[in-house]
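Here are some notes for a first look at this model. Please keep the structure open while you read.

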Amino acid sequence: MAKRDYYEVLGVPRDANEDALKKAFRKLAMQHHPDRNPGDKAAEAKFKECNEAYDVLKDAEKRAAYDRYGHAAFEGGGGGGGNPFGGGFAGGGFEDIFEQMFGNFGGRAGRGGAQPSGRGSDLRTEVTISLEEAFAGTKTTIRVPSSVTCDHCSGSGAEGGTAQTDTCGTCKGAGKVRAQSGFFLVERTCPTCNGAGRIIKNPCKVCNGAGRVQRDRNLAVTIPAGVEEGTRIRLAGEGEAGLRGAPAGDLYVDVGIRPHPIFQREGNNIFIRVPLRMTQAALGGTVEVPSIDGGRARVSIPTGTQAGDQFRLRSKGFSVLRSAARGDMYVQVSVETPQNLTAKQRELLEQFEAEAEANSRTSPESEGFFSRVKEFWEGLGR
Ligand SMILES: [Zn+2]
Ligand SMILES: [Zn+2]
């Protein structure tokens, strides 16, 4: 039975935000809840379906995986390579598997990493990009130390390209050998044919019959705009070559993003801290701030702006994955107390201070604070 698209299940557009997802889910869950539909199998199925859809879409990582790979992102099994999203996204078991794959990277020719079917191992690598690159998307070239199909024998493992095989003399075609170990007879995979039961009569001189050789490859990777730290890109068939023409494994590229000296990212929003001169904050005006797309944005600062005040610039934030939409940019201001005053500045500020003392409305927060302090003391009868 074909599975329905998760967005379709919840009846929301693909760029629905968290709130819209939650609303749609709640409505459907109420409607199809088993308590409301006792004995109704169809309602139960619908209830499960919307639960499953919401479970994936409410989780940013799972949702990104779903957007990229569809239901395939969560189908477990599927042979040796397995699926990184199948059994628990960051499950310990899976990490171990990746560690082993990683271990293969610098290692010897990858016979050990091969699957029993001969399918090549999956490989994992990392690429670190700047925040600007994550915003705009980028193309990068990665070097993958890997074994590739042997050119000399076109992967057949046979010299001259024609694979003539003989029954393995060691195991007589069984793929297993028995050996005496103390009193016991133990069965092992045949070391001559690696369990295949047959050996190549005329093995390729370049790869010794394995059908693949160790070689670094340069691979172009397209990183889409809006990627997040830890986004995993799957390049099907770009992993280790299979044994004697068997399918290659997949390559997983984990994207890391370098911290930025100016911008902080939270989801699709961007935060930037901008210092204002005390007088700028008091008098108001406009300041120019950089935006992640390399442009400039103007923020108008109202008179009497306080330290910590935040201004939102709509759609100046991060690009949203698989969408033309953008998040917002938040500009948080700090107010700088002037230092190293000139004689003139000091004089002006002293005049200002004298004026401020006469006008309590200049500093509403101080005014409120000191009147509370006064009440506090009066309350104690001092
Ligand atoms: Zn054998
Ligand atoms: Zn070869």
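1. Start at Phe183. This residue sits in the loop that links strand E4 (176-181) to strand E5 (184-189). Keep in mind that the model is predicted.

2. Is Phe183 buried or exposed? Its relative accessibility is 81%, so Phe183 counts as exposed. The cut-off for exposed is over 50%.

3. Together with Phe184 and Val186 it forms a nonpolar patch. The three residues have about 400 Å² of accessible area together.

4. Now turn to the metal. Which residues coordinate the zinc ion (ligand 2)? They are Cys150, Cys153, Cys204 and Cys207, each through its SG atom. The distances run from 2.2 to 2.3 Å. Along the sequence, the donor residues follow the spacing C-x2-C-x50-C-x2-C.

5. What is the arrangement around the zinc ion (ligand 2)? The four donor atoms subtend angles of 103 to 115°, and therefore the arrangement is tetrahedral.

6. Cys204 counts as buried because its relative accessibility is 1%. Cys207 is at 9% relative accessibility, so Cys207 counts as buried too. The cut-off for buried is under 20%.

7. Last, look at Ser291. It lies in the loop between strand E12 (285-290) and strand E13 (296-301).

8. What does Ser291 touch, leaving aside residues up to four places away in sequence? Its contacts are Phe263, Arg296, Lys316 and Met329.

Key: Residues are numbered from 1 along each chain as its sequence is written. Chains are lettered from A and ligands numbered from 1 in the order in which they are written. This is a predicted model: local features need pLDDT of at least 70, side-chain atom pairs count only at pLDDT 80 or more; totals for chains, interfaces and linings use all residues. Side-chain values use heavy atoms; hydrogens and water are left out. Helices (H or I, at least four residues) and strands (E, at least two) are DSSP runs, numbered from the N terminus. Contact means heavy atoms within 4.5 Å. Donors are N, O and S atoms within 2.8 Å of the metal (3.2 Å for Na, K and Ca); water is not among the atoms, so sites may look incomplete. Four donors count as tetrahedral if all angles lie between 85 and 135 degrees; four count as square planar and six as octahedral if opposite donors are over 155 degrees apart and all others between 65 and 115; anything else is irregular. Buried means under 20% relative accessible area, exposed over 50%, partly exposed in between (1.4 Å probe, protein chains only). Patches are made of residues with over 30% relative accessible area and no salt bridge: like charges are joined within 9 Å, nonpolar side chains (Val, Leu, Ile, Met, Phe, Trp, Tyr) within 5 Å. Accessible areas come from the Shrake-Rupley method with a 1.4 Å probe; for residues, only the protein chains shown count as cover. A salt bridge is a side-chain nitrogen of Lys or Arg within 4 Å of a carboxyl oxygen of Asp or Glu.
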